[in-house]
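Subject: Structure handover

Hi,

Here is the structure for you to take over. Please open it first, then read the notes below.

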Amino acid sequence: MIEVAKRLQKVEEYYFSKKLKEVAFLKSQGKPIINLGIGSPDLEPPFKASMMLQDSLMEPEAHQYQSYQGLPELRDAIASFYNKHFQVHLSGQTEVLPLMGSKEGIMHISMAFLNKGDKVLIPNPGYPTYAAVTKLLEAKPVMYDLKADRNWEPDFGALERLDLSRVKIMWINYPHMPTGANATNKFYDKVIAFGKRHDILIVNDNPYSFILNDKPNSIMRYRDAKDVCLELNSLSKTFNMAGWRVGMLVGKYDFVNAVLRVKSNMDSGMFFGIQKGAIEALKCSDIWFKSLNSVYQRRRALVYKLAQALNCTYDDQATGMFVWAKLPPHIKSEEFTDLVLKEHSLFITPGTVFGSNGEGYVRFSLCAEEDLIEEAISRV
Ligand SMILES: Cc1ncc(COP(=O)(O)O)c(C=O)c1O
């Protein structure tokens with residue numbers, strides 16, 4: 001009997017990996033499923049990015065191994081992007097590391113900083129990968145509460161009362177997925193001070209800053225951020241390039257270099273054409289962001305109607321690619337989403353996928369065309 005590693009006993013198959021098999025089965029049975037569950041952008045990437053990817057195939061170095069750190073032009077394009085959109089000054093030489101999506105960065109950062117038994121502060125609700133990766137590395141997730149009455153920001157008083165002695169990393173994610181909450185300036189100052197006080201690496205996972213958000217922000221703008229912070233960002237949502245797998249890590253050289261030491265032992269560089277395409281995407285003008293958001297805005301208005309039709313409420317100040325909606329009382333999230341799938345062939349995500357504080361909520365994705373959302377409304 002060949003047994004899998006013990007660490008696998010602590011993680012389950014990713015919710016969507018399981019649920020999408022069920023959804024595919026229902027589809028194969030002829031059910032007209034509308035998928036508002038998953039956040040996979042269905043819109044086109046910037047045209048010039050796709051053209052550049054195509055053209056680059058003819059370049060002699062296109063099919064060779066690539067630099068572990070990415071092309072210098074890509075690192076410079078990332079630094080310029082941070083400068084233009086966040087007024088953050090980074091050295092493309094030393095403070096930027098291109099990644100194959102920000103998801104891989106979560107693993108690499110964790111491998112670079114965590115020892116077995118270390119603790120990691122993780123938002124509840126939040127992106128499930130933070131806890132899964134922590135467990136895979138035999139470190140201990142310590143979930144911290146995010147609640148609607150604090151606009152989904154942590155209670156620092158409660159954090160200070162925890163035993164922080166072995167806490168090495170705190171994951172934060174603003175604009176927040178799944179709730180769409182944005183953090184205040186005060187929050188960023190507080191979290192940086194908290195990291196400094198307790199020698200905790202604060203990592204902001206920031207892939208949603210450009211979706212339906214008036215004020216894109218970066219933790220790197222704040223005083224002393226480089227002392228204790230790293231930030232992940234991604235082209236997946238900003239440029240509809242989720243399948244290309246392009247993300248980035250930014251922060252001070254020592255931290256970024258520690259992550260590079262892990263990453264360079266795991267892959268052999270990002271495909272040349274993808275890097276060249278990514279450079280073009282990063283150079284997009286404001287028109288790109290305006291037209292992207294005008295589509296999401298129309299979709300969101302329809303999803304609001306859908307949520308109302310399902311007797312759910314939502315915060316119309318929230319940002320991002322999802323609508324996070326509160327259920328009517330006395331029904332559990334998974335019960336509700338199973339019912340909606342059964343009765344209306346509509347797949348939405350139960351809030352509990354993101355942690356226990358997601359109970360009583362569901363998440364609607366805006367990654368579906370307007371006529372599909374209208375069809376969902378008419379079914380309900
Ligand atoms: C909060 C959050 N972080 C990270 C990711 C990973 O994004 P990617 O690896 O495509 O950059 C996602 C994807 O859904 C996400 O929701």
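Start with S345. At 7% relative accessibility, S345 counts as buried (buried means under 20% relative accessible area, exposed over 50%, partly exposed in between, with a 1.4 Å probe and protein chains only). S345 sits in the loop between α13 (333–344) and β11 (346–347). Helices (H or I, at least four residues) and strands (E, at least two) are DSSP runs, numbered from the N terminus. Leaving out residues up to four places away in sequence, S345 touches K31, P32, I33, I34, V340 and R379. Contact here means heavy atoms within 4.5 Å.

Two notes on the source. This is a predicted model, in which local features need pLDDT of at least 70 and side-chain atom pairs count only at pLDDT 80 or more, while totals for chains, interfaces and linings use all residues. Residues are numbered from 1 along each chain as its sequence is written, and side-chain values use heavy atoms, with hydrogens and water left out.

Next, the core. The largest nonpolar core has 124 residues. Such a core is a set of buried Ala, Val, Leu, Ile, Met, Phe, Trp, Tyr and Cys residues joined through side-chain atoms within 4.5 Å. I109, L121, M170, W171, F239 and F364 have the most contacts inside this core. Helix α12 gives the largest share, 9 residues. Domain 1 (6–44 + 286–379) and domain 2 (47–282) each supply at least three residues to this core; the domain bounds come from an automatic or database domain assignment. Beyond its neighbours within four places in sequence, L121 contacts residues including V142, Y144, L159, M170, W171 and F194.

Now the rings. The whole structure holds 24 aromatic pairs. Rings of Phe, Tyr and Trp (its six-membered ring) pair if their centres lie within 6.5 Å; planes under 30 degrees apart count as stacked, over 60 as edge-to-face and the rest as tilted. F156 and F187 make a tilted pair, 5.9 Å centre to centre with 40° between the planes. F156 is in helix α6 (residues 156–160) and F187 in helix α7 (residues 185–198), so this pair ties together parts 31 residues apart in sequence. F156 is buried at 12% relative accessibility, and F187 is buried at 1%.

Y304 and Y314 are stacked: 4.1 Å centre to centre, 5° between the planes. Y304 belongs to helix α12 (residues 286–309) and Y314 to strand β9 (residues 313–314), so the pair ties together parts 10 residues apart in sequence. Y304 is buried at 13% relative accessibility. Y314, at 25%, is partly exposed.

One aromatic cluster is formed by F81, Y82, F86, F210, F239, W288 and F289.

Two rings carry a charge. R363 lies over the face of F322, 3.7 Å from the ring centre. The charged end of K252 sits over the ring of F255, 4.6 Å from its centre. The test asks for NZ of Lys or CZ of Arg within 6 Å of the ring centre and within 35 degrees of the ring normal.

Last, two helices. The buried residues of α3 include L74, R75, F81, Y82 and F86. The buried residues of α3 pack against β2 (96–99), β7 (229–234), β8 (247–251), α11 (272–282) and α12. Just after α3, Q87 takes a positive phi of about 55°. In helix α10 (residues 253–263), the buried residues include F255, V256 and L260.

Best wishes
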